[in-house]
Amino acid sequence: MAIKIIGTGRYVPEVIADNEDFAKIVDTSDEWITTRTGIKTRHITNGVLAFQMGAKASEQAIKRAGIEAEEIDMILATTVTPDCLTPSLACLVGQELGIESAACMDLNAACAGYVFALDVAQKYLDSGCAKTILIVSSEIITRMVDYSDRGTCVLFGDGAAATVVTKGEGLYSCVLKGKPQGAVKIFTKLPEPKNPFSDKPFDWGYNEMNEAPTGYMQMAGNDVYKFATVAMPEAVELAAEQAGLKVEDLDLIIPHQANIRIVQTAIKRLKLPAERFYINIQDFGNISSACIPLALSQLDEQGRLKKGDKICVVGFGAGLTYGASIFEW
Ligand code: ACO
């Protein structure tokens, strides 16, 4: 069974930090960031929480879908940076939207979260358990950024995007994958449990994790880079094969926006024209699971998505997770 995206929306915070701003706080330069990553600016939240960003993006998506919020029977939120451990981001967004009744849950597959959520949505639509699903992806990555670490702080931004998904016609294929042995390559620790009756220390099983500070993202950038340059083309090829297509049959590929060089390597490996890939990393940096739906909302707004276009969304991220799905617009 295929899916149809009937509405898209996005919200990014007003405060924009450019590379020169970062050169004032860490030992870096516009030249280094631009050539190594492709990033020029990123948005940073200023008093707006993840659920509030998510609700703003959702309101736009619901309006564009031409439906009432009450028609949504499931809210699937993707995030690695929720506002609360509980309730879920999905519940908080639902509350903000004034929805009285909907199944709400969060999904964390890091930067690949949207691809995973789209497939979960497809399964619920196919089973008949849901008819109209709101996927809301909202990230405040700056919540876990160490602004003294030049290797990570320049890469990330905040923002949210939403899509309304229903049953559709045409193609649908999806490949979800992961390499959990790479879990230590990107992580952010929560505070360890406190036992008032014992002071036995916790052992994470890896020195990197034992020694890392709580609450700040740690990343083995080079290892993630190598993983991503292989994972991204592999996922696109597998999803195309599953759909009975060749990669050259795809009209548009929307990759996760982590580093322009990762996308350029994928373009070479897939032997596709660069124009088939949508890139907006220069404006937003890496917003984790919000990157792909944010790109979809821009393309939708610009009228660049035509009925029947074969679209491939492909993501990778902490975990390590990766996956790709193909659907028709
Ligand atoms: N400015 C100037 N120099 C810097 C900066 C900076 N902002 N950051 C690192 N450097 C330095 C390093 O210290 C190093 O210096 P040295 O040679 O003196 O030791 C040098 O630049 C080269 O560092 P590398 O880490 O080898 O640089 P690289 O070209 O690999 O780029 C980067 C680093 C951008 C992090 C890259 O590895 C990358 O994009 N990795 C993938 C990250 C990713 O995709 N993450 C996605 C998942 S995130 C998620 O799931 C939430």
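Where does H256 lie? Select H256 and you will find it in the loop between strand 11 (252–255) and helix 9. Helices here are DSSP runs of H or I with at least four residues, strands are runs of E with at least two, and both are numbered from the N terminus.

Before moving on, a word on the model. It is predicted, with local features needing pLDDT of at least 70 and side-chain atom pairs counting only at pLDDT 80 or more, while totals for chains, interfaces and linings use all residues. Residues are numbered from 1 along each chain as its sequence is written.

**Stop 1: the annotated site**

The term buried means 20 or more other C-beta atoms within 10 Å of a residue's own, exposed means 12 or fewer, and partly exposed lies in between, with C-beta atoms placed from the backbone. Leaving out residues up to four places away in sequence, H256 touches C111, A112, C291, I292, V314, G315, F316 and G317; contact means C-beta atoms, placed from the backbone, within 7 Å.

Now centre on C111, in the loop between strand 5 (103–107) and helix 5 (113–127). C111 counts as buried because it has 31 C-beta neighbours inside 10 Å. Beyond four places in sequence, its contacts include H256, N286 and C291.

**Stop 2: helix 11**

Next, select residues 291–301, which form helix 11; 8 of its 11 residues are buried, so this helix is largely enclosed by the rest of the structure. Among the buried ones are C291, I292 and D300. Follow helix 11 onward to G303, whose phi is positive, near 70 degrees.

**Stop 3: helices 8 and 9**

Finally, show helix 8 (residues 221–242) with helix 9 (residues 260–270): their axes come within 9 Å and cross at roughly 45 degrees. Axes are lines fitted to C-alpha atoms, for helices over the stretch in contact, and angles run from 0 to 180 degrees between N-to-C directions. To view the contact, select Y225, A228, T229, M232, P233 and V236 of helix 8, and I262, T265, A266, R269 and L270 of helix 9.

Notes. Two residues are in contact if their C-beta atoms, placed from the backbone, lie within 7 Å.
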